[in-house]
There are 2 protein chains.
Amino acid sequence: MPSMIKDCCQSNSETQASAKATCGPGRPRAFDEAEVLDAALQVFWQQGYEATSLDDLTSAMGLSRSSFYSAFGSKQGVFIAALKSYSQAAVEAFKELSEQTSDDPVATILTALANPNGGPRGCMLVNCITELAPHQEEVAEIGRQHLKRIEDLLAQAISPNDPASASVKARALSALAIGTLTLRKSGVPPEQISGTLDAAIELFTP
Amino acid sequence: MPSMIKDCCQSNSETQASAKATCGPGRPRAFDEAEVLDAALQVFWQQGYEATSLDDLTSAMGLSRSSFYSAFGSKQGVFIAALKSYSQAAVEAFKELSEQTSDDPVATILTALANPNGGPRGCMLVNCITELAPHQEEVAEIGRQHLKRIEDLLAQAISPNDPASASVKARALSALAIGTLTLRKSGVPPEQISGTLDAAIELFTP
DNA sequence: GAAATTCTGGACTAAATGGTCCAAAATTTG
DNA sequence: CAAATTTTGGACCATTTAGTCCAGAATTTC
């Protein structure tokens, strides 16, 4: 029976993935959970869920199969954990962006939405919704929450004093941004996409 | 040496899939190629490429493995054939729609784009671009052509006398429609999506 | 009706899949 | 240093994967 009193370990990342507390005696974890989770994210992002194999994952994460399963339980497990972590980080980044931008925050956010960090891989969550939402309710739910947060951020940017009034417009704009991600994935050159986006922004914000 | 003179068979469908000419003596094909191709399309549409197994396909198409491979060559083979056939049919349908509609053709086309026959499965080509375009250039190319055709149709509807001038607007609108497909897939109720679309149309067509 | 030709079903293969398990090594606390 | 505890690597498993192959049935032309 461990004492459970001392404040535990270096678990600063607080992902809700593994319930295992690595306290007391015994060999400590040799990997940083947030780090390997991000590695898994990159692979899923690049290849999609079905096309990613266990070997792809473990080798990218630098984990043995045992460590993998003991830490995340299953392929589904890492996937959901990675997806949640992605959503959280992405929303956070957009929030900061909108707070830092003083003039024309709408254009700034839209441009960022349409040119995600992932580059041609697009938005991880949009990809996952397309691939999995119809068959995995949990993914659909994460997707809906994510989209909602993005829309709220946009509404806030459009009309800081009365965000509710801009909700429809915000949704339309986010749909527009999402659509451009598909254009990008199909190989349409970035300049053309930027042009399209600029024209749309002009129409939307008179 | 067959004579090669008589006009061949009942091959009215003209899909570019199988090079096999079923002329001369011998048992004729027991299935309609276009029909089974459509069956394959439905499965791919519902499940995606990776998630669809050979057994899924053959059982949906009502074909034995031998017939399947002799007719289509590979899983990739049917997939590409089905995708091309889908694109052709979809573009044709939109063209007819835009020609039949006299007043507000833009709204009509957009609404149709955002509410595809596939229902919650969305647009087959958008799904495939998201899943495969980054790794399969052929799919990307088919996707680009498809999108281009849709955009041209929209530009024509927006500005019948000078379509070129409306190309950017057309692309923005198609991006908007594509985005709403993702919203739909994530489970956003259709009424909300319609509302969003109506608002956007109003902004775009003053 | 006979020969020719093609389709059909099912058995088969080799590889890859997600997941399990255990002995050994490593690192902690006391 | 010793005991306790946990990670680790790799072997292992049953299942599924896309794709091949062949003997027999079916249907054509002549």
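In which helix of chain A does E151(A) lie? E151(A) lies in helix α7 of chain A.

## Model and numbering

This is a predicted model, in which local features need pLDDT of at least 70, side-chain atom pairs count only at pLDDT 80 or more, and totals for chains, interfaces and linings use all residues. Residues are numbered from 1 along each chain as its sequence is written, while chains are lettered from A and ligands numbered from 1 in the order in which they are written.

## Chain A as a whole

Chain A has nine helices and zero strands. Helices here are DSSP runs of H or I with at least four residues, strands are runs of E with at least two, and both are numbered from the N terminus. Along the sequence, the pattern of chain A reads α-α-α-α-α-α-α-α-α.

Chain A has 206 residues, of which 39% count as buried. A residue is buried if 20 or more other C-beta atoms lie within 10 Å of its own, exposed if 12 or fewer, and partly exposed in between, with C-beta atoms placed from the backbone. Two residues are in contact if their C-beta atoms, placed from the backbone, lie within 7 Å. Among the contacts in chain A between residues at least 6 apart in sequence, 52% join residues at least 24 apart.

## The surroundings of E151(A)

E151(A) is buried, because 23 other C-beta atoms lie within 10 Å. Leaving out residues up to four places away in sequence, E151(A) touches S167(A), A170(A), R171(A) and S174(A). From C-alpha to C-alpha, E151(A) and A89(A) are 16 Å apart in space, and they are 62 residues apart in sequence.

## How α5(A) packs

Two packed helices are described by the angle between their axes and the distance between the axes. Axes are lines fitted to C-alpha atoms, for helices over the stretch in contact, and angles run from 0 to 180 degrees between N-to-C directions. Helix α5(A) and α7(A) pack at about 155°, with axes 8 Å apart. That makes α5(A) roughly antiparallel to α7(A) (angles over 145 degrees count as roughly antiparallel, under 35 as roughly parallel, 65 to 115 as roughly perpendicular and the rest as oblique). In this contact, P105(A), V106(A) and I109(A) of α5(A) meet L153(A), L154(A), A157(A) and I158(A) of α7(A). By class, there are seven nonpolar, no polar and no charged residues. Ala, Val, Leu, Ile, Met, Phe, Trp, Tyr, Cys and Pro count as nonpolar, Asp, Glu, Lys and Arg as charged, and the others, Gly among them, as polar.

Helix α5(A), residues 105-114, also packs with α9(A), at an angle of about 150° and with the axes 11 Å apart. α5(A) is therefore roughly antiparallel to α9(A). Here V106(A), A107(A), L110(A), T111(A) and A114(A) in α5(A) meet I193(A), L197(A) and I201(A) in α9(A). The residues of this contact divide into seven nonpolar, one polar and no charged.

## The two chains together

In the interface, 38 residues of chain A are in contact with 38 residues of chain B. The elements of chain A that give two or more residues to this side are α6 (124-132), α7 (137-158), α8 (167-186) and α9 (190-204). The largest share, 14 residues, comes from α8(A). By class, this side of chain A has 20 nonpolar, 11 polar and seven charged residues.

A rotation of 180° with 0.0 Å of shift along its axis superposes chain A on chain B, with an RMSD of 0.0 Å. The two copies are thus related as by a two-fold rotation axis. Copies are superposed by least squares on the C-alpha atoms of residues with pLDDT of at least 70 in both. Of the interface residues of chain A, 100% are also interface residues in chain B, so the copies meet through the same surface.
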